[in-house]
Amino acid sequence: MLRDLIHESKAIERALSGEELSFSDGMELMGSDNFLVGATADLVRKKTVGDRITFAASYYMNYTNLCAASCQMCAFYRKGDEDDAYTLSPEQIEQRVAIAKQMGATEVHIVGGFHPKLQLDYYENMMRVIKKHHPDLSIKAFTAAEIFYLSKLTKTSVKEILSRLKDAGLDSMPGGGAELFHPDVRAQIVRGKCSGQEWLDTIEQAHNLGIKSNVTMLYGHIEKPEHIIDHLIKVRELQKKTGGFITFIPLKFSLDNTELEQKHQVNHECSSIYDLKIIATSRLMLAGVLNNISVYWVAFGKKLAQVALSNGGSDLVGTAFSEEIYRAAGKPTNSSVLELATMVKEIGRRPVQRDTFFNEIRTF
C-alpha cells in the first residue's frame, strides 16, 4: 500500500530521489496522507543524519520580560508596572549562569523582551561578565528580532551591534523572532516586531560575521499551508547563501494567556497530527541544505516528541533548564540529560549529547 501511495505523489517521489522540492511540492506534502509524509521524512532522516538523536545541556534565561512589543501570540511580555516585571543586572545573570554550570550546562541560551531603555553597553557587559567567569561556556544569545530592535533604539547599525557583541563574547544566536515570515500572517501574530524580511536580513549579517544561529518557525495558530511552505523555502534559500543556520526548530504555538486566545482568534492548540506533519514537511523541504531538524519537547511533551523523532526529527534541542517563555503559557519545562537519553533509547535510537554546534560530547 505504501508503495502505491508513493507512486501517486510526485512530491514524495522527488523527495525520495533527493531532489529539491518546489513550493507546489511543499503544498502537496501539506495535503498528503500523514503516514506517507512521516514515513518518507523518516527515511530521509535516516539517510542524511543516521540514527543518532542529539541534545544539549542547555540553560535558558530571560534577562527581562519588559517589552516594547505586545505580540498577540505571546504570554511572556510585561509593560513595566506589573508586580512580576523584571530586568536582571549582568551580575545577577552571571550568578544564574554559575548555577547552570553546576547543573552541567555547556551552553546558556539568553533572550529577552524589547527593553525600551537598555543600551548596547548593558548587553556587552552581560557577555563580558559571563565569559570572564565561564570562558568555556557557549553563549547563545539575542534573537535577530532583538538585534534589529536594539539597532533602531540606539541608532546603531546591525553590523556594528553584532560585531561588538561578538567581540564581547557572543558565540551564536538563537532562532527566535522568526515566527512566520509571510507578511499576511505575521501582521496578525506580532506587533511592534521586525518584518520577516528584516529578520532574514539581520541574521544574514550575523552569518556573514561568522555568528551562526538557529532558526525557528511558529505554527499552529492562524496560518495556512502556503505560509508554512513560504517560510521553509526562505530558510532554505538563506542557508544555501550563508550556511549559517545550525538547526531548524518548528515551535508549536502555546495558546494559554495569549491575546489570540483572549480575543478568540484561536480557540484551541493544533492537533498532534498537525505537529507531526510540520516536522516531516520541514525535513523534506530542507533536506540536503539544513539537515538538523529539532523537536522542541518542551512544547510537544515527551511522548509526542518521541513520535516526532520517527517523523523526521533528529534533535531534542536541549534540557531547557529554567525555560520561562513556555512556562508563562502553562507548559512544564525542566528535564535532565539522562531523561532525554532515556526518551531516545525507548524508541531504539542512539542518544548523543552535543554542544551548541552539533559536535559530539558523549553518548549513552
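This note walks through some features of the structure above, point by point.

1. **Ground rules.** Please keep in mind that this is a predicted model, in which local features need pLDDT of at least 70 and side-chain atom pairs count only at pLDDT 80 or more, while totals for chains, interfaces and linings use all residues. Residues are numbered from 1 along each chain as its sequence is written, and side-chain values use heavy atoms, with hydrogens and water left out.

2. **The chain as a whole.** The protein chain holds 17 helices and 10 strands; helices (H or I, at least four residues) and strands (E, at least two) are DSSP runs, numbered from the N terminus. Of its 364 residues, 59% are buried. Here buried means under 20% relative accessible area, exposed over 50%, and partly exposed in between, with a 1.4 Å probe and protein chains only. Among contacts (heavy atoms within 4.5 Å) with a separation of 6 or more, 74% join residues 24 or more positions apart.

3. **The largest pocket.** The volume of the largest pocket is about 220 Å³. On a 1 Å grid over the protein atoms alone, a pocket is an open set of points where a 1.4 Å probe fits, with protein on both sides within 12 Å along at least five of seven lines, and lining residues have an atom within 4 Å of a point. Grid points are joined across faces, edges and corners, and the volume is the space filled by probe spheres set on them. There are 14 lining residues, of which A15, G18, E19, V44 and A287 are the closest to the centre. Two or more lining residues come from each of α2 (10–16), α4 (34–49) and α13 (272–286), and α4 gives the largest share, 4 residues.

4. What classes of residue make up the lining of the largest pocket? The lining has 8 nonpolar, 3 polar and 3 charged residues. In this count Ala, Val, Leu, Ile, Met, Phe, Trp, Tyr, Cys and Pro are nonpolar, Asp, Glu, Lys and Arg are charged, and the others, Gly among them, are polar.

5. **Helix α11.** With 18 residues (225–242), α11 reaches 26 Å from its first C-alpha to its last, close to the 26 Å expected at 1.5 Å a residue; the expected span is 1.5 Å times one less than the number of residues. Its buried residues include H227, D230, H231, R236 and Q239, along with I228, I229 and L232. The packing partners of the buried residues are α3 (23–30), α9 (183–189), α10 (196–208), β6 (212–219), β7 (245–252) and α13. After α11 comes G243, with a positive phi near 65°.

6. In α8 (residues 158–168), the buried residues are V158, I161, L162, L165 and A168. They cover an arc of only 125° around the axis, so they sit on the same side of α8; the arc is that of the directions from the helix axis to the C-beta atoms. K159 and D167, on the other side of α8, are exposed. The buried residues of α8 pack against α6 (120–133), α7 (144–154), β5 (172–173) and α10. G169 follows α8 and has a positive phi, near 135°.

7. Q205 lies in α10 and touches V158, K159 and L162, not counting residues up to four places away in sequence. Q205 and K159 are 46 residues apart along the chain, with their C-alpha atoms separated by 6.5 Å. Q205 counts as partly exposed because its relative accessible area is 29%.

8. **Two backbone angles to look at.** Most residues other than glycine have a negative phi. K155, not a glycine, has a positive phi of about 55° and is found in the loop between α7 and α8. V317, also not a glycine, has a positive phi of about 65° and lies in strand β8 (residues 315–318).

9. **Towards the end of the chain.** K345, in helix α17 (residues 337–346), is 292 residues from I53 in sequence and 9.4 Å from I53 in space, C-alpha to C-alpha. Leaving aside neighbours within four places in sequence, K345 is in contact with P351 and F364. S336 is placed in the loop between α16 (325–328) and α17, and its C-alpha is 5.6 Å from that of T319, 17 residues away along the chain.
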